[in-house]
Amino acid sequence: MRTFILYVRQFRSAFQHRRYSFLSDLSRRQKVSGNWQTSDASKPLHNAGIARYLLPVSMVTRNLVTDSAIVANGVKEVSRAGPLVEYDRRIAEGELVDGDNCQVGTLRELQRLYDDLVMSANACSLDRYAASEKAGRSRWLWSRFIPQSSYSPVKGLYLYGGVGTGKTMLMDLFFNQLPDSWRKRRIHFHDFMLDVHSRLQRHKGVADPLEVVAGEISDEAVLLCLDEFMVTDVADALILNRLFRHLFSNGCILVSTSNRAPDKLYEGGLQRDLFLPFISTLKERCIIHEIGSSIDYRKMTSAEQGFYFIEKDASGLVKQKFQYLIGEHTAVPQEVEVVMGRKLQVPLGANGCAYFPFEDLCDKPLGAADYFGLFKKFHTLALEGVPIFGLHNRSAAYRFVTLVDVMYENKGRLLCTAEGSPLQLFERIVTIADAQNMAPRTSSRSRKNDDFDLCVDNELGFAKDRTISRLTEMNSKEYLEQHAAMLAEKQLSQDDGDEKALQA
Ligand SMILES: Nc1ncnc2c1ncn2[C@@H]1O[C@H](COP(=O)(O)OP(=O)(O)OP(=O)(O)O)[C@@H](O)[C@H]1O
């Protein structure tokens, strides 16, 4: 037994040495090559090949690395060209407008990360097939004798900035350029945390359930792309540091978008001092990049299509339009399965469309999980009577913001009546800084009723810009076309499934 243990120790130190020398060699090569702006010779895996000469001039001037060949598990997979080339392709095709320098600067960061990941794919265990082979044969041995803590040699990226500046679009573009065979996962932050909490439920009673959950998540994906990182819930705030410490020490790489700088996350939240270590962990494991643009690309979308109605007393209008959308179908009360056996009552639903009075959806103790459940079953929401938000209905405002986020994420369609335009709905919600800048009224007599309803809330004050921007986009021709395309795609895959079931 002693001999065996000695043998294992020797093997372990030899492995660590080899791993270390490989990594230092890698980082040296990266330093020499200066990341993405390299000559082809310094990056053997990244031979740009003939495609580089076929690129439009703008791409060549950006000095891009193009299609690379990744050899994994004996299978040669040609990776896509990378985010910068793809961005230029979309501009050339007219899918995107030539973005500002801030978008290009962010793309460079993403391209650098893309190059680093391709270079270090093996060291990061990104390939699904190579990883599962190891897991199948010798996982038990590996987990016991190789140090558990193996941070990835590649740091992640935390992108933050103003609303509509293209963060999600850029992250998705980067994600889709990476090989499909990689252990990668792109998910909305809300959805990710819901998944974490439901896994935690399943592992109740285990000594450290967070470690088990982190183990499961990192087994499934090494690269985690989380859209819209934001912390508003104390239950999330208290577990984030331990969760991500485990994930990072399992080799996970985080790429995330957010409207908040790391230091502003969960600002003013309950027990924030317990959350602060997470900010240091994040800065340790991710490069922090501010997109820096102030262009809201959503404002470039076409004029409104008429699904958002501004009416103080619009009872009946939404029901009338809802009837038009469901056509011949009969609307009946329905039930939607939400996580952990919970059910959401839908007052009326038919043909993928759900009808709710505002109070039933945003003035009751419901949350992101309920909204995700709703949009799994329904693609259109008819919402009656969205009020002006202020101090008196702050919780409803929080829920409405979450509802719009989930709907947008699912490309859902919104038909609604509201007391004001998206901008007017949130006029009484301000950040602390906004409140300080507001001119103080001279006497209490001159104070308006609105002043008493002013809601000073940093989290909501920042989130409202995103909601206003999204509500505007959701009414645009482009968004509604995307919604229609999503429906058509769903229909196709359903038909495909039905056909397979018939054949079986
Ligand atoms: N260069 C561009 N050309 C055309 N459309 C763009 C461009 N950049 C972004 N967009 C579009 O603008 C809209 C907003 O972009 P996106 O959702 O990526 O912004 P965001 O910064 O993530 O916003 P938020 O902070 O609200 O989540 C999307 O419909 C996106 O496709």
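Leu 348 stands opposite Tyr 355 in β11. This is a predicted model, so local features are taken only at pLDDT of at least 70 and side-chain atom pairs only at pLDDT 80 or more, while totals for chains, interfaces and linings use all residues. Residue numbers start from 1 along each chain as its sequence is written. Helices (H or I, at least four residues) and strands (E, at least two) are DSSP runs, numbered from the N terminus.

β10 (residues 343–350) and β11 (residues 353–357) run antiparallel, joined by three bridges; strands count as paired if DSSP finds at least two bridges between them. Two residues separate these strands in their hairpin, where Asn 351 takes a positive phi near 50°. On to β9 (residues 332–337), which pairs with β10, again in the antiparallel sense, over five bridges. Here Gln 334 has Val 346 of β10 as its bridge partner. β9 and β10 also make a hairpin, this one with five residues between the strands, and Met 340 in the turn has a positive phi of about 50°.

Now for the ligand. There are 20 residues around it, with Leu 96, Gly 166, Thr 168, Met 169 and Tyr 297 coming nearest; a residue is near if its C-beta atom, placed from the backbone, lies within 6 Å. Both α6 (167–177) and α18 (458–474) supply at least two residues of this shell, and α18 gives the most, with four. Domain 1 (26–290) and domain 2 (301–496) both contribute residues, so the ligand lies between them; the domain bounds come from an automatic or database assignment.
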